Amino acid sequence: MSAEQPEDVYTHGHHESVVRAHASRTAENSAAFVLPHLTSGVSVLDVGCGPGSITCDFAALVAPGEVTGLDRSAEVIAHASALAAERGTANARFVAGNLYDLDFDDESFDVVHAHQVLQHLTDPVAALREMRRVAKAGGIVAARDADFHGMSWYPAVPELDEWMELYQRIARRNGAEPDAGRRLVSWAQSAGFTDVAPSSSNWLYATGQTRRWQARVWGERVLHSSFAEQAVEYGFATPADLARISAGWHRWGSTDDGWFLIPNGEIIARA
């Protein structure tokens, strides 16, 4: 990372509630647009791999191809390594590293993948350039990011409006872009890609089980994660505000007809 580039601040942090939620992600529910490109023998780099659930799924699909999961947090790398051992995934390895300065040679991987990563970076274009560098000629760089202002929910819950405004303020204070999904094509073009295939897909929470899950995830994060710490540190909210927003999440989760939609932008960019 260059001296001029500010240190990225991860809005979510690695509280147990965050890691647990991320561990629920699978290749099928979070990276379906990449699956046609994952065949036996393909090599994959999964940057910002978190606790490794998607990475391990990739490894099963490309075996005997090798999959490398990279994250800047040694704590979540330990989670990912434990998951691989638990699953008996021998063709996946996990390393700590810097996405802006990957410790790999040029043209090392057939597929370079980032899920919900670019939205948290101060310089997503630089990250995409580095991902492009380590992708083989003819390989792909794949990215998927949510678009926060594209989210919608029912019924109207004032505390969820507060949550959205607060999230936007915190993320932008951190130099990040919470509405990343709609910007992926632009970022990829700025990174030098000329062949960019866009797509989109949703996460939907509209059944009793999924509503309660989503409400529990954010009800906890609002109170206990780095999001909460930053909200107070930056002077954007008080603990009482956060308690009220958390209660609003749980009130939404207890509805019988609630709906929460998270749209995600996706790109397949040819190296």
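Which residues are buried in α6? Hi everyone, let me start there, with the reminder that this is a predicted model.

The buried residues in α6 are E159, L160, W163, M164, L166, Y167, Q168, I170 and A171. What do they pack against? On the strand side, they meet β6 (152–154) and β8 (259–270). Among the helices, their partners are α8 (208–224), α9 (226–233) and α10 (239–253).

Now a quick check on the helix geometry. Helix α6 covers residues 158–173, so at 1.5 Å a residue its 16 residues should span 22 Å; the end C-alpha atoms are 23 Å apart, which agrees. After α6 comes G175, with a positive phi near 80 degrees.

Let's go back to β6 for a moment, because that strand holds Y154, which counts as partly exposed at 47% relative accessibility.

My last stop is H115, in strand β4 (residues 109–115). Is H115 buried or exposed? With 5% relative accessibility, and under 20% being the cut-off, H115 counts as buried. Setting aside neighbours within four places in sequence, H115 contacts R25, S30, V47, G48, I54, R144 and W203. Two of these come with polar detail, if you'd like to look at them on screen. The side chains of H115 and R144 make a polar contact at 3.1 Å. A polar atom of the H115 side chain also lies 3.3 Å from the backbone oxygen of S30.

Notes:
Residues are numbered from 1 along each chain as its sequence is written. This is a predicted model: local features need pLDDT of at least 70, side-chain atom pairs count only at pLDDT 80 or more; totals for chains, interfaces and linings use all residues. Side-chain values use heavy atoms; hydrogens and water are left out. Helices (H or I, at least four residues) and strands (E, at least two) are DSSP runs, numbered from the N terminus. The expected span of a helix is 1.5 Å times one less than its number of residues. Buried means under 20% relative accessible area, exposed over 50%, partly exposed in between (1.4 Å probe, protein chains only). Contact means heavy atoms within 4.5 Å. A polar contact is a pair of N or O atoms within 3.5 Å; within protein, one must be able to donate a hydrogen and the other to accept it, and residues adjacent in sequence count only if both atoms are side-chain atoms.
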